[in-house]
Every structure is written in C-alpha cells, then in structure tokens.
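Let's take a walk through this protein, one piece at a time. Have the structure open and follow along as we go.

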Amino acid sequence: MTQPEQDAEPSYSLGPWEELAPSVWRTVAEPDAVNLVLVAGRERSLLVDTGSSVEQGRALRTAVAEATGVPLEVVVVTHAHRDHVRGL
C-alpha cells in the first residue's frame, strides 16, 4: 500500500540568489515559497528568515558564505511560523 501524498516528506530547496541592490539579495525557500533576504556589509552579513528545515538552514549558511565572502553573524526572524524559523 502506498502512502497518501500528504504524508510524503516535502522537498526542501533554495532558489538562486537574485541581486536586488548592491549587497542585497533574495532567494526563495521551497516548498513554502518563503522569501529570504541577505544583506552583506564589509565585515559581516545579515539574513532575514531561515527557511523550513535544519537542512535548509545548513544550505543557507553555505550559500551565504559563497555569495558574500563574509560571515553570517545576524539573523532576523520576521515571525514564528515554522517556514521562517526551522533553519536556525
């Protein structure tokens, strides 16, 4: 017997970074279509929201480091829904 689709494990992914302004990027975290924003300074970066899973959070840290070349030191969580906080 197969499990219903609703019981299937969701597929977590990150879209590519889209540059919105100098040193400001946006990506979309799936499966919930959550906008995540990254702001980079000369010495550190700030991320707005963290995605839907621990694995997505790990992927975000790697993606932030690759995009900015500076460490992620500040995270802003806009609200306490699971798709915004589970990447912490």
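In this predicted model, look at helix H1 and pick out Gln56, Gly57, Leu60, Ala63, Val64 and Thr68: these residues are buried. They span an arc of only 125 degrees around the axis, which means they sit on the same side of H1.

What covers the buried residues of H1? The cover includes strands E1 (13-14), E3 (24-30), E4 (34-40), E5 (45-48) and E6 (72-76).

Let's check the helix itself. H1 has 15 residues, 54-68, and at 1.5 Å a residue it should span 21 Å; its end C-alpha atoms are 21 Å apart, so the two agree. Just past the end of H1 comes glycine 69, with a positive phi of about 75 degrees.

Next, the inside. Nonpolar side chains in soluble globular proteins tend to be buried together. Here, the largest nonpolar core has 10 residues: Trp25, Ala29, Val34, Leu36, Leu38, Ala40, Leu47, Leu60, Val64 and Val70. At least two residues of this core come from each of E3, E4 and H1, and E4 gives the most, with four.

Finally, zoom in on one core member, alanine 40. Which residues does alanine 40 touch, leaving aside neighbours within four places in sequence? Its contacts are Ser23, Trp25, Ser45, Thr68 and Val70.

Note on methods: Residues are numbered from 1 along each chain as its sequence is written. This is a predicted model: local features need pLDDT of at least 70, side-chain atom pairs count only at pLDDT 80 or more; totals for chains, interfaces and linings use all residues. Side-chain values use heavy atoms; hydrogens and water are left out. The expected span of a helix is 1.5 Å times one less than its number of residues. Buried means under 20% relative accessible area, exposed over 50%, partly exposed in between (1.4 Å probe, protein chains only). The arc is that of the directions from the helix axis to the C-beta atoms. Contact means heavy atoms within 4.5 Å. A nonpolar core is a set of buried Ala, Val, Leu, Ile, Met, Phe, Trp, Tyr and Cys residues joined through side-chain atoms within 4.5 Å.
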